[in-house]
Amino acid sequence: MKELAPLRPAENEVRENTLRESDLRKNDLRENDLQEAEQHAVAPLRPFFEVNRRDLFKLLGAGLVVGICDRSAFAQESGRGRGETIPQDLAAWLHIGGDSKITVFTGKVEMGQNIRTSLAQQVAEELHAPMDSISLIMGDTNLTPFDLGTFGSRSTPQMGSQLRNVAAAACDMLLDLAAQRWQADRHALSANDGAIINSSTGKKLTYGELTQGQNLVKTLAGDPPLTPAAQWRVAGTAVPKVDGRTFVTGVHRYTSDMTRPGMLYGAVLRPSAFNAKLLSLDSKQAEKVPNVIVVHDGDFVGVAAPDDPSAANAVDLINAQWSAPPQISESALFDSLRQSPDGESRVGGFGGGNHETGSVSAGMASAAKTLSQTYTAAYIQHAPLEPRAAVAEWEENKLTVWTGTQRPFGVREELSAAFHLPLDQVRVIVPDTGSAYGGKHTGDAAVEAARLAKAAGKPVKLVWTREEEFTWAYFRPAGVIDVKSGIAADGTLLAWEFHNYNSGPAGIGTPYNVANQKIQFHPAKNPPLRQGSYRGLAATANHFARESHMDELAALAGLDPLAFRLKNITDPRLRAAFETAAQRFGWGKQPATPTRGFGIAGGFEKGGYLATCAEVAVDRAMGRVKIVRVVQSFDCGAVVNPNGLKNQISGAIVQGIGGAMFEAVHFENGRVTNPRFSEYRLPRFSDAPQIEVELIDRKDLPSAGAGETPLMGLAPAVAGAIFSATGIRLRSLPLLPKPLKL
Amino acid sequence: MPVITLNVNGVERKTEVAPGEHLLFVLRNRLGLTGTKYGCGEGQCGACTVLLRGKSIRSCRVPAESVTGSKIVTIEGLATNGRLHPLQQAFLDEEAFQCGFCTTGMIMSAHSVLAANPHTSDEDIIQYMDGNVCRCGTYPRILAAIRRVAQGAKKS
């Protein structure tokens, strides 16, 4: 039996994803600043685009294919025009068939962020085609071009603009085709509602009529002119979710709903603790269960059975002895994170980075008042309602896996490595997923299902239990953040020193004007839990620390928290975000009372600017706090779908309540001690406040992603609100694991 | 393996079940009704909600053998002749979902609360629905969708 690659990729593998996100941000910088780009050049990832032109037209029928190459390839190889072959470095492409149906191919995946709809809107806009003529094939490694993954709020700014380019080029080509067909002046032609119209003759040809029977391929050589956002008719509007009906009827098939002919159900025997080694195994009883296959390979032990109860039963019948090393428990968490930096500190996220400008010590020396405080954030879990799931099927030496992941191509690599297969013998398909929030970067369930299917010789479905999800997935990193600062007598910031231990570098910078600053991220050498990406990465913890500290400085300066911030901000977009939220909220109109408090926080990250105002009600007898109202402004450039965007923002606020108020993973010596919903409190209906979202639609600016940044304002705004009512400053996330002592 | 008969969405369906097998897995794996979801297996998230004699239950906690002879309705049984149930339509109109994984359970729970009192208040809805988790945080819209149906009932 071949040795499997580790089924639990080490922490550094997950961390690598986080690093790749920062690499992406470097790519983004490259667009704005070529010099910067050279310093941060990222080695190109080899794209794998396996469908050749003949297969493509066989798959989709004759028609027009338009693709766009990876941006970095443009710089090296510009000026490509119409060709006969599909290049190997495509980023996205679309096909227009003889029936006028438009099929768009992108490696991005849909997990509730509504990108399937908002990308289709952008294609509809530039192609002047009806929404219902457009469908997206997403996250299928055999059909869609290579994509790094759906994370980092990259889909809208990157894939959105690439697809707009593709669609605009396709439209251009259709105009050419019509001009040729009619021998007409192109200037008299226009595209509308899926057809080219000749205004001088009144003639009309649908896109299908124009492309029927042809095998046309075009790859983009540059950026065609795009429709300015101010003139958008489909993009920028509240188009309903494209397949909404399949969700309210239960028709949509998530991975966990899939079946294949002859499919078996898998279950995995989990180790007794993290990092445990298998000492001995007795599976005789399990093997006696009819039709059950037991697989033992290294430290992996799993079963496949014709039905779910038999699989669970068989796992229960296995006797295994494990040996686990002693491990750091929750009580020692923060000390361990702080005391074990690996000596290296990493470059921070957007707007920040490890740096020192001016002299913090000189700034502190000249300050009228100084402050030094520590903030912490607990490990939390993504808890996507659909747990990790995979259906794996072998055909000879070819492996197909359906799985909910944010990185279909990354999971393909994991499978290829685990089974020693060339990449072209592995196909990963991602059905629209029951959410992820950064938690589904890895292919754990996919590798396990494939291992069981290989042994069984039949397709196998594996759906992790909630307890497995809470234990064997990965977590948002816990962190310790030390902030030291100094202000002048009038409240001007003079010095700012910020050290983040372990939670991450995203959003570590400060948007406030301060000449003397030092900012560092210190990754812990051996964090006690497997940790990785979580919606917004460390920007949530870093915003919590920074904005809480700004509040504390405001109190020290005797200034209103908003006035103090505005005094130290020049960035007009951030000022606008604060002013918009404050106005809608009625900031400063009502004084705080012992039972009613108000807080404000804001910032920018990943191209989005936000400010959050929160109102809390304090039950002093019980020590309970209820968030009663949240107003949040958000500016992410030109809004692509205001309804979808509001849904994302409002959802981020509610999800943020969990991490802000009560969510924490408890662990003891290599075991999670609250691995279920009855012990890990999630935000529920009764936790949801009145939420008001103010979109700042900047049609003059490119669209940024919005899946993450709206999460960041809630925790510090609530901490500020609790302080304003009670005078108690809470500096640890979650803020209220226990009732307040009043 | 014992064979039982379940009355699901108005149809008598015979199926094998393992001893103690929960209704959720029988519906999903043996009857192909995958609109009902597994979220936690301990009745804490509501993704597995179906109607038993018109009232919402957590199908992950109910042994299938214990509900033979009782009318069970799943999300697949709500629409009639391709026409969405008013609650399904309201969820669609309010776009009261993101990833959609909790949606079917939300609709079944909402069905139960409105069946008990078509004119129910926001407070009652929130209290009743507190056992259903939407991890995407779409609660305000879900509440608006249920309210929309409740108010429709008030008008008629």
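Q: In what order do the strands of the open sheet of 6 strands in chain A run?
A: This is a predicted model. The order is β14-β22-β21-β20-β15-β29 of chain A, and the pairing is mixed.

Q: Which strands of chain A stand at the edges of that sheet?
A: β14 (355-357) and β29 (732-733) of chain A do. Each has a single partner strand, so one side of each is left without a neighbour in the sheet.

Q: In what sense do β20 and β21 of chain A pair?
A: β20 (residues 479-487) and β21 (residues 493-501) of chain A are antiparallel, with 8 bridges between them. Take A:K484 as a case: its bridge partner in β21(A) is A:E497.

Q: Where is the cis peptide bond that involves A:P734?
A: It runs from A:L733 to A:P734, with omega near 0 degrees. A:P734 itself sits in the segment after β29 of chain A.

Q: How should I read the span of helix α18 of chain A?
A: Compare the span with the one expected at 1.5 Å a residue. α18 (residues 572-585) of chain A has 14 residues and reaches 20 Å from first C-alpha to last, close to the expected 20 Å.

Q: Which residues of α18(A) are buried?
A: Start with the general idea. An α-helix has 3.6 residues a turn, so residues three or four places apart point the same way. In α18(A) the buried residues are A:L574, A:A577, A:F578, A:T580, A:A581, A:A582 and A:F585. Their cover includes α17 (561-567), β23 (596-605), β24 (608-619), β25 (624-635) and β28 (690-695) of chain A.

Q: What follows α18(A)?
A: A:G586 does, and its phi is positive, near 80 degrees.

Q: Where does A:S153 lie, and is it buried or exposed?
A: A:S153 is in the loop between β4 (134-138) and α6 (155-182) of chain A. Its phi is near 55 degrees, a positive value in a residue other than glycine. A:S153 is buried: 26 other C-beta atoms lie within 10 Å, and the cut-off is 20 or more.

Q: Is A:H420 buried or exposed?
A: A:H420 counts as exposed, with 11 C-beta neighbours inside 10 Å. A:H420 also has a positive phi, about 55 degrees, although it is not a glycine. Its loop lies between α13 (408-419) and β18 (426-429) of chain A.

Q: How many residues does each chain bring to the contact between chains A and B?
A: Chain B brings 43 residues and chain A brings 47. On the side of chain B that touches chain A, α5(B) gives the most, with 4 residues. That side divides into 23 nonpolar, 13 polar and 7 charged residues.

Terms used
Residues are numbered from 1 along each chain as its sequence is written. Chains are lettered from A and ligands numbered from 1 in the order in which they are written. This is a predicted model: local features need pLDDT of at least 70, side-chain atom pairs count only at pLDDT 80 or more; totals for chains, interfaces and linings use all residues. Helices (H or I, at least four residues) and strands (E, at least two) are DSSP runs, numbered from the N terminus. The expected span of a helix is 1.5 Å times one less than its number of residues. A residue is buried if 20 or more other C-beta atoms lie within 10 Å of its own, exposed if 12 or fewer, and partly exposed in between; C-beta atoms are placed from the backbone. Two residues are in contact if their C-beta atoms, placed from the backbone, lie within 7 Å. Two strands pair if DSSP finds at least two bridges between them. Ala, Val, Leu, Ile, Met, Phe, Trp, Tyr, Cys and Pro count as nonpolar, Asp, Glu, Lys and Arg as charged, and the others, Gly among them, as polar.
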